[in-house]
Amino acid sequence: MGHILCPICEKDDRIQKITSIVTSSTIQSTHSSATTATTNLATKLSLPDAPDSFGIAILFVCGVALLPLGAGLFIHTISLLVQQKLNTNELVFNGAGVLICGFFALHCFRQIKQIPLTKRKKLNWATLYYCHRDDCVFDPKTNKHTSPEGMNSLL
Ligand SMILES: [Zn+2]
């Protein structure tokens, strides 16, 4: 570590890389010696993972499949409506189908769009340090610091 100092106490004796806190708590949790405090801290400091390539493929297939399904159902409903072949129940049912397809398709694409952001956050996150004396998370590059709960503001 050497030159990396906590921006609050300006010492390096109680600082630890966030990645090593999270990793060591995962290893420790298999032993009974893990303290709840360490585990809680690691939970606060860990970052949700971006979906793996399998997850991305599922999201993509769902999004791509649901969009034409919703659009097809929409067009079908409109054409039945124009021909006055639709009763109120069918209209509500088809309308709900269109909304559900649209909603899930959008959700899938939004998830996919966030992947680069999640990956960039993960890179920043891996450079952060924690000071056990001050209970603060800090970025050694900028010296910005925050509570473990506010860690997202540094990412
Ligand atoms: Zn400190």
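**Architecture of the predicted model**

The C-alpha trace spans about 80 × 40 × 25 Å along its principal axes. The radius of gyration is 24 Å, whereas a compact globule of 155 residues would have a value near 15 Å. Burial amounts to 14% of the 155 residues. Of the contacts with a separation of 6 or more, 61% are made by residues 24 or more positions apart.

The domain assignment gives two parts, with domain 1 comprising residues 1-19 and 128-155 and domain 2 comprising residues 56-122. Taken over C-alpha atoms, the centres of domain 1 and domain 2 are separated by 44 Å.

Helix 4 covers residues 88-125, and its end C-alpha atoms are 53 Å apart; this agrees with the 56 Å that its 38 residues should span at 1.5 Å a residue. The buried positions in helix 4 include Cys101, Ala105 and Cys108, together with Trp125. Asn87 is found in the loop between helix 3 (53-82) and helix 4, and this residue is exposed because 10 other C-beta atoms lie within 10 Å, where 12 or fewer qualify a residue as exposed. Asn87 and Ile21 are 66 residues apart in sequence, and their C-alpha atoms are 61 Å apart in space.

The largest nonpolar core has 16 residues, and those with the most contacts inside it are Ile18, Leu45, Tyr130, Val137 and Phe138. Two or more residues are given to this core by each of helix 1 (18-28), helix 2 (36-45), strand 2 (129-131) and strand 3 (136-138). When residues up to four places away in sequence are not counted, Phe138 touches Cys6 and Pro7, then Leu128, Tyr129 and Cys131, and finally Asn143, Lys144 and His145.

Asn143, one of the residues touched by Phe138, has its place in the loop between strand 3 and strand 4 (145-146). With residues up to four places away in sequence again left out, the contacts of Asn143 are with Pro7 and Phe138. The C-alpha atom of Asn143 is separated by 9.5 Å from that of Ile4, although these two residues are 139 residues apart along the chain. Asn143 counts as exposed because its C-beta neighbours inside 10 Å number 11.

The backbone at Asn143 has a phi near 65°, a positive value in a residue other than glycine. Glu10, which is likewise not a glycine, has a positive phi of about 55°. Glu10 is found in the segment before strand 1 (15-17), and this residue counts as exposed because it has 7 C-beta neighbours inside 10 Å.

Key. Residues are numbered from 1 along each chain as its sequence is written. This is a predicted model: local features need pLDDT of at least 70, side-chain atom pairs count only at pLDDT 80 or more; totals for chains, interfaces and linings use all residues. The radius of gyration is taken over C-alpha atoms; the globule rule is 2.2 Å times the number of residues to the power 0.38. A residue is buried if 20 or more other C-beta atoms lie within 10 Å of its own, exposed if 12 or fewer, and partly exposed in between; C-beta atoms are placed from the backbone. Two residues are in contact if their C-beta atoms, placed from the backbone, lie within 7 Å. Domain bounds come from an automatic or database domain assignment. Helices (H or I, at least four residues) and strands (E, at least two) are DSSP runs, numbered from the N terminus. The expected span of a helix is 1.5 Å times one less than its number of residues. A nonpolar core is a set of buried Ala, Val, Leu, Ile, Met, Phe, Trp, Tyr and Cys residues joined through C-beta atoms within 7 Å.
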